[in-house]
Amino acid sequence: MPAGAPRVFVSHLAGVPVFDPNGDQVGRVRDLVAMLRLGGRPPRVLGLVVEVVTRRRIFLPMTRVTGVESGQVITTGVVNMRRFAQRPTETLVLGELLDRTVRLVETGEEVTVLDVAMGQLPARREWEINKVFVRRGRSRALRRRGETLTVDWSAVTGFSLEEHGQGAESLLATFEQLRPADLANVLHHLSEKRRGEVAAALDDERLADVLEELPDDDQVEILGKLQEERAADVLEAMDPDDAADLLSELPEEDKERLLALMRPRDAADMRRLMSYEEGSAGGLMTPDPIVLRPDATVADALARVRDQDLTPALAAQVYVCRPPDETPTGRYLGLVHFQRLLREPPYTLVGSVVDTDLRPLPPEAPLPGVTSYLATYNLVTAPVVDEGGSLLGAVTVDDVLDHLLPPDWRERELYGMALPPVADRAPQVPAGRPEAPDVR
């Protein structure tokens, strides 16, 4: 590549918006597709994997990319909205090349790939990967302090071999800003081997958040590849209702082994949730709502609501109960909505502003009854109370939607519909000139 030709490190493209010539956003870059070549020749970059707003992943050929600039990619405006499917001869650059262990040709030394750079060939729209950013030393303990260097593609060897025990640190650093649902979407599209490697590199809290957003099959697959002690730790970090749903998908012997490794309190919550019929209020609820005694103040309630680990639904109201404060609680007295808390002086006792008119749900209430309850009273969370008057937990609207939507809803496009093709909104290829072919 001649001096002065543009060079782009691919990790800088992850999540970058893609625009058509009119300035309308098409989607965001999630990966690059390349074809490895023989004889040490730099791989040719075939195109980009772009995630459009419906979460569909499409292939955008490099022949339709008119600009790769700081923080954005510009296209010709003609985009095929067909779902991307990786072909056997193709390699996903972010998903499969980063974190690989390769060797320097000159010394035979093992190095770890942290990033790769692509450059555009002169007078053409073709791009190729020509530089590799590596760190000396394969040991993870050495990665932070090991020497890093950028070398030509031809200066390393080992990309064509299947990688066993590939790390995931560089890939995760590339996607560290993604929300759990978006990172789950990235994992879902990786190979089974790569998905397991990425899951192994996530910390327990992050993996728990991501697992909650994955389809059931992916959840079971990932959990099955973890060591049992770590699998139990991840289950404890998940929302109890989601963890109970995942445990219910496992064979009985695996479920019991994991429950035996969990903290007794967490295991008891799981067993209690799994004892209720699937789709009932008891089966849908979380056992960890905000519970306060009647002598707590509004200031105490607002302090609990501020907890950043709470979901917006659970923070919408607090439940006032007699001791004990953990579910199952003492006698349930009522609830206080967040808006009411904001209208009262901080020193007000919650027991004096409690709403006692709204009857709670019984744990055996079926899903249609729970749905009607939330809709009738315009709630996002509902209390679940047993016959003895103890609060068992709370059902949130997101868990209700989880069971109302089709089983494969996480694998479907966002909003359940496709966007109109970008070609309908952008300039078309002039008549008489054929559209640039998909050259993969």
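Buried means under 20% relative accessible area, exposed over 50%, and partly exposed in between, with a 1.4 Å probe and protein chains only. By that cut-off F84, at 15% relative accessibility, counts as buried. This is a predicted model, in which local features need pLDDT of at least 70, side-chain atom pairs count only at pLDDT 80 or more, and totals for chains, interfaces and linings use all residues. Residues are numbered from 1 along each chain as its sequence is written, and side-chain values use heavy atoms, with hydrogens and water left out.

**Aromatic pairs**

- Rings of Phe, Tyr and Trp (its six-membered ring) pair if their centres lie within 6.5 Å; planes under 30 degrees apart count as stacked, over 60 as edge-to-face and the rest as tilted.
- The count by this rule is four aromatic pairs.
- F59 and F84 form a stacked pair, because their ring centres are 6.3 Å apart and their planes lie at 20°.
- This pair ties together parts that are 25 residues apart in sequence, because F59 lies in strand 5 (residues 57-61) and F84 in the loop between strand 7 (72-75) and strand 8 (91-92).
- F59 is buried, at 6% relative accessibility.
- Y373 and Y377 have ring centres 5.2 Å apart and planes at 65°, so they are an edge-to-face pair.
- Y373 is buried at 5%, whereas Y377 is partly exposed at 38%.

**Helix 5**

- Helices (H or I, at least four residues) and strands (E, at least two) are DSSP runs, numbered from the N terminus.
- In helix 5 (residues 192-201), the buried residues are R194, R195, G196, E197, V198 and A199.
- These buried residues pack against helix 1 (93-97), helix 3 (169-174), helix 4 (180-188), helix 6 (204-211), helix 7 (216-225) and helix 8 (228-237), where contact means heavy atoms within 4.5 Å.
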